Amino acid sequence: MKKRDATKLIILDRDGVINQDSDAYIKSLDEWLPYPEAILAMARLSRAGYTLAIATNQSGISRGYYDLATLESMHSRLRELVSEAGGAIAHIAFCPHGPDDSCDCRKPKPGLLCQIRDALKFDSLERSWMVGDSLRDLQAGKAMGCRPVLVRTGKGRRTEAQGKELEYVEVYDDLAAFTDWLLTKG
Ligand SMILES: [Mg+2]
Ligand SMILES: [Zn+2]
């Protein structure tokens, strides 16, 4: 069987990349505010043949701020918006645990990425893309051999200013700018 080409897989963090982030957590569908340019960028990537997956920490579930049904409502809305723009999301992996639950999926741990690899039947994530606004996104990606991309939306400017572990990390203003680069290079 032909191996799936991981270079055509893009794993995205959610909060601060696809939608506005909030230090007070995103607890309801009303508080989930997508960046319109990010939705369009996802659709462009998808139409260009890239597979899109999402890896998102959602400790607000463990903290009792919102429930799984609420999270699912945000993700159906997200899938709907991307689909209306002509794209598709192949898989959404989320970690519902808190920092003290010692799970293996909360980023910077790579468990969500392993879930994506297995769900989408990739042998490995080597040279796929991991796009995030926080250091822990990039760390999770690096642990799996992904190429790390930092965007300056959400917590991205703060992450860039802290300047930790950013060697070999590509930095773009937002998901649309990364998409422009990826779809026009070479
Ligand atoms: Mg984020
Ligand atoms: Zn977890």
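Visitor: Hi! Which residue just after H4 takes a positive phi?
Guide: That's Lys 121, with a phi of about 60°. Helices (H or I, at least four residues) and strands (E, at least two) are DSSP runs numbered from the N terminus. This is a predicted model, where local features need pLDDT of at least 70 and side-chain atom pairs count only at pLDDT 80 or more, while totals for chains, interfaces and linings use all residues. Residues are numbered from 1 along each chain as its sequence is written, and chains are lettered from A and ligands numbered from 1 in the order written.

Visitor: Okay, which residues in H4 are buried?
Guide: In H4 (residues 111-119), they are Leu 112, Leu 113, Ile 116 and Arg 117. Buried means 20 or more other C-beta atoms within 10 Å of a residue's own, exposed means 12 or fewer, and partly exposed is in between, with C-beta atoms placed from the backbone.

Visitor: Why do they line one face of the helix?
Guide: Seen down the axis of H4, they fall within an arc of 145°, so they line one face. The arc uses directions from the helix axis to the C-beta atoms.

Visitor: What do they pack against?
Guide: Strands E1 (9-12), E2 (51-57) and E3 (91-95), plus helix H5 (135-143). Contact here means backbone-placed C-beta atoms within 7 Å.

Visitor: Switching to E1, which way do its residues point?
Guide: Leu 9 and Ile 11 point one way, Ile 10 and Leu 12 the other, and all are buried. Among the residues Ile 11 touches are Leu 113 and Ile 116.

Visitor: And how many bridges join E1 to E2?
Guide: Four, and the two strands run parallel. Strands pair if DSSP finds at least two bridges between them. Ile 10 stands opposite Leu 52 in E2.

How values were computed. Contact = placed C-beta atoms within 7 Å. Lists of a residue's contacts leave out its neighbours within four places in sequence.
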